Amino acid sequence: INWVIPDTDDPAKFPDKFTVGDVLKFNWPVNAQHNAYIHPNGGCDRTDASLIGDTNGFTYTVVEADIGQKVFACDIGAGNHCSRGQIIEATIMAASVEIITSAPKTMTPTAAPVEKEMADKVMDKVTETEMETELDKVMDKVMNEDVKSSCFQYSVVFQKILIALMLTQVV
């Protein structure tokens, strides 16, 4: 991040979307003095602000607790830099999770005999329609709810599907 005070001749374009695990590196010109704080109340309100760095080139790693809205601002000059535009009002998202959206049509077991037998029992009890229905429920939950954590409970059927898929190889 080129952490500078924007001006009308050269407006700074700060990134404003980050994902858990991203590493933000704050750089500024050698002769400049800057810092970065997290402002929990939004905007340039410095109440309860926490310093995350004040040396050129420092890094900040985005963590799950950051998911949602997060404000990064420079508080040099009692907030003068922030009020002049040195602020990022960021959206932090959970790391992406690959979700299986359709059931495989053909599966060839490649696991040991005991594991194959377990997978066959699971697949005998779970129909393709049940798999698709359960996957649709999970997708609806992820897409429609305000998910604050990348961890959520899978149903028993979905757990069995995952186990069966891990024990077999899709052809």
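Tutor: Keep in mind that this is a predicted model. We can start with the cysteines.

Student: Ok, is Cys 44 buried, partly exposed or exposed?
Tutor: Cys 44 is partly exposed, because its relative accessible area is 34%, which lies between the cut-offs of 20% and 50%.

Student: How many disulfides does a search of the whole structure find?
Tutor: The search finds one. Cys 44 and Cys 82 are joined, with 2.0 Å from S to S.

Student: Where do those two sit in the chain?
Tutor: Cys 44 is in the loop between strand E3 (36-38) and strand E4 (50-53), and Cys 82 is in helix H1 (residues 80-83). They are 38 residues apart, so the link connects distant parts of the chain.

Student: And Cys 82, buried or exposed?
Tutor: Cys 82 is buried, at a relative accessible area of 2%.

Student: New topic. How many aromatic pairs are there?
Tutor: A search of the whole structure finds seven. One of them is Trp 3 with Phe 14, a tilted pair at 5.2 Å centre to centre and 55° between the planes.

Student: Are Trp 3 and Phe 14 buried or exposed?
Tutor: Both are buried. Trp 3 also pairs with Phe 26, edge-to-face, with 85° between the planes.

Student: Which cluster do these rings belong to?
Tutor: Trp 3, Phe 14 and Phe 26 are among the members of one aromatic cluster, which also includes Trp 28 and Tyr 60.

Key. Residues are numbered from 1 along each chain as its sequence is written. This is a predicted model: local features need pLDDT of at least 70, side-chain atom pairs count only at pLDDT 80 or more; totals for chains, interfaces and linings use all residues. Side-chain values use heavy atoms; hydrogens and water are left out. A disulfide is a pair of cysteine sulfur atoms within 2.5 Å. Helices (H or I, at least four residues) and strands (E, at least two) are DSSP runs, numbered from the N terminus. Buried means under 20% relative accessible area, exposed over 50%, partly exposed in between (1.4 Å probe, protein chains only). Rings of Phe, Tyr and Trp (its six-membered ring) pair if their centres lie within 6.5 Å; planes under 30 degrees apart count as stacked, over 60 as edge-to-face and the rest as tilted.
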